[in-house]
Amino acid sequence: MQLRINGRTREVSAEPHESLLTTLRERLALTGTKLACDRGECGACTVLHNGDAVYSCITLTRACEGDEITTIEGMATDGALHPLQQAFVTADAVQCGFCTPGQLLSAYALLARNATPDATAISEAMSGNLCRCGTYPKIVQAIQRAAEAMRAGDA
Amino acid sequence: MSTPAAAGKGAGVQRFVSTVVEVEGRSETKIVEMPDFEPAPWDESATLTIVGQRVPRVDAREKVTGRARFTTDIQRPGMLHAAIVRATIASGRVTAIDPSGALQLTGVLDVISSADLPHPIKAGGAPLFLPAVSYAGQPIAAVCAESREAALAGAAAVRLTYEAAPFVLTFEQATAPGAPVVRGTSNVRRGSPVEVTRGDAARGLADAHVVITREYRTPCVLHTPLEPHSAVAEWEDDRLTIWESTQGIFMVRDQVAMELRLAKSKVRVIKDYMGGGFGAKNHAGPHTFIAALFARRTGHPVRCVLERDEEQTDAGNRPSTRQVVTLGATRDGRLTVIDATCEVPLGAGGWEGGPAAFYREMYSCPNVRTVETFVHVNTPAMMAFRAPGHVEGAFALERAMDVLAGALGMDPLALRLVNFSERDEEKQREYSSNRLRQCYDEGAARFGWADREARRQGATAPHIRRGFGLAAQVWGAGGGPPAYATVRLNSDATVDVLSGTQDLGTGARTVLAQIAAEALGARLADVRVILGDTERTPYAGNSWGSMTTASVGPAVRSGAMEAQQRLLQAASQMMECHPEDLVAHDSIISTRDNARQMSFAEVTTKLGNVMIMGHGSRGPNPENVGLMSFGVQFAEVEVD
């Protein structure tokens, strides 16, 4: 079957019960998407599926045939960080970094549908991504900074 | 312990000396080497341009791009996967293990249990695959398969038969007459409570004008680092390499070598990026040994990653406590007595990480008595968890101080200032430094403590109440030897710092890069910190007990300063001047009058492959001085 991953068509074989997380990590070596709870609770495995943030650990690969998948590896373009990535660096919204790829993709999906989220909207949209180091306030700041930077970039 | 004979450089100088090293309140005497080169500490007069600055984490870019490789991301050619079969009873005995259901499944290759061990192996303090069950979740067997899914399915298909026995889950059950014994001869650890006294508690009570008693309970708390406990093991002949998500690569190496009966030099432990630990990843665990055993049996690399529920049931916890606190004070708020009785159910294993030390360390008080009773119960063992014991103790004592302030009609902050401890009364010694007063002053000013009554009225709705509080903390954090670092200037003028420490996500890489850049006079962007490899980086201890910066930082600093000395010597020959006339800053060497300059790159280009290196080691701490950290937190909370 074919998947469109980060803008490229990839030919993969996947078991009927195989999760998108397993396909990405074990078959395509895209290990930026993290395996943590493996049961749709923590958000470390978040990827974009046709632009929506989904938990790849509870998404079946076979259900994604032909669809657009974006992983953390597809977020920077030609080595230039996406404004969200840059904002996470600048605001120090990263400690151990294990949850970070998932946080970034959830934030990406949020900003795609709401360019001017307030802190409440950010907290709500990010509630499916856990951080055990406790960087939540800085994640909110980083997303607000990135939103500003992206609006300035569009203007 | 006798002081070993001097093998020193100069007459009368002892190179190796005994010293006391403290970790989380526990003391240990160690032999340490006096560093060749021990520069004076940077004090407040030092001009620092990189240390102390807010800089982006040096590894942030790797983390936001997904390039940072964690242990769970390690993939080796032909790698297999392991899963653990766990007991589903809390107490009793496994009478039969039937692996046939697992071995029938596609992809399942091997099942092991206690009968398959080459010899008894201790994993995380308990014998691996012990058929005598002391808690639900205890590892009994393990399955190896071609995929993680198959390994998990195989683990679910192994049939265990038990003889179940009565069990105890709470402190009250464990100490009831006739209670079943979890291990040894008594559920009370070491047979009796631990009592520590200073002065005379009864006298302190008699001297008090105001006495309050309160009971506090704190719940069991789980670490749940986002990256589960995980290991990848691979053998090459008789050499074993383990990638492990750990706070202590050398501790894992030593435990694996001892339990698998290998020379330490045959075991290499690697940890690059790590998704948190919080105290639960200090040791080689069952998953480590299971990966190593299967790798040996199958001839393939094997990865073992705990599932989330295993992470929560058998990967450590902060134990619950019950604390009964009595405080007595004179009318002006001086504490005359602190008396605490604490009960801690540790689980089936664990150690005495209790709340009592906090009661003895936090305040000045002539009469202190703490009694802690640690019991074993049929639940998973506790593990160190971010200031073990102190968090629980701080919660109870600091709440009791607020109650006492109320009884005295005093401001809670004023009560704490009255009882500020000028010296370490617990160990009867001076502090190296204690800035708790500045914490109180600065915190109160920034928080607006004095205005809180006015703000109390500012609740946003009638059904909402607003409250204010503060709590102080004390914690040992001085670090200590041994810890080593090598600092090398590469031929392209970049700098490598090598040390066998770990970055748990705390920022150790960034801090050590800042120290090296500052001490060497290099640009921060040119410094790379290479950690976490027992074979390729020199020894550093576990990243626990707030020790890493204070232990490894000085080693990096003296290594970088030694490298700078050599660099300036080389440059002085090229610039035809004295090394003492040269300074280094921003990767540029200049004469003190700034008349002539050479960049690091110009020097290293001329040197070719002649390397500039410095080796640093952590010297002993000053004797009989309390190296403690202090803090205060203020909170404003609305309750609906």
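**Entry 1: a valine in chain B**

I began at B:Val497 and listed its contacts beyond four places in sequence: B:Ala485, B:Val487, B:Leu512, B:Ala513, B:Ala516, B:Val527, B:Val529, B:Ile530 and B:Val556. A reminder to myself: this is a predicted model.

Next I looked up where this valine sits, and found B:Val497 in strand β25 of chain B, which covers residues 495–499. Is B:Val497 buried or exposed? I counted 29 C-beta neighbours inside 10 Å, so B:Val497 goes down as buried; the cut-off for that is 20 or more.

I also checked one partner from the contact list, B:Val487. B:Val487 and B:Val497 lie 10 residues apart in sequence, and their C-alpha atoms are 4.6 Å apart in space.

**Entry 2: where the chains meet**

I turned to the contact between chains A and B, with 31 residues from chain A and 27 residues from chain B. On the chain B side, I noted that helix α1 (residues 60–64) gives the most, with 4 residues.

**Entry 3: chain A as a whole**

I found 5 helices and 5 strands in chain A. Following the sequence, I wrote down their order as β-β-α-β-β-β-α-α-α-α.

How does the radius of gyration of chain A fit a compact globule? For 155 residues I would expect a value near 15 Å, and chain A has 15 Å, so the two agree. Along the principal axes, the C-alpha trace spans about 40 × 35 × 25 Å.

I noted too that 52% of the 155 residues in chain A are buried. Finally, I looked at chain A contacts between residues at least 6 apart in sequence: 61% of them join residues at least 24 apart.

Definitions and conventions:
Residues are numbered from 1 along each chain as its sequence is written. Chains are lettered from A and ligands numbered from 1 in the order in which they are written. This is a predicted model: local features need pLDDT of at least 70, side-chain atom pairs count only at pLDDT 80 or more; totals for chains, interfaces and linings use all residues. Helices (H or I, at least four residues) and strands (E, at least two) are DSSP runs, numbered from the N terminus. A residue is buried if 20 or more other C-beta atoms lie within 10 Å of its own, exposed if 12 or fewer, and partly exposed in between; C-beta atoms are placed from the backbone. Two residues are in contact if their C-beta atoms, placed from the backbone, lie within 7 Å. The radius of gyration is taken over C-alpha atoms; the globule rule is 2.2 Å times the number of residues to the power 0.38.
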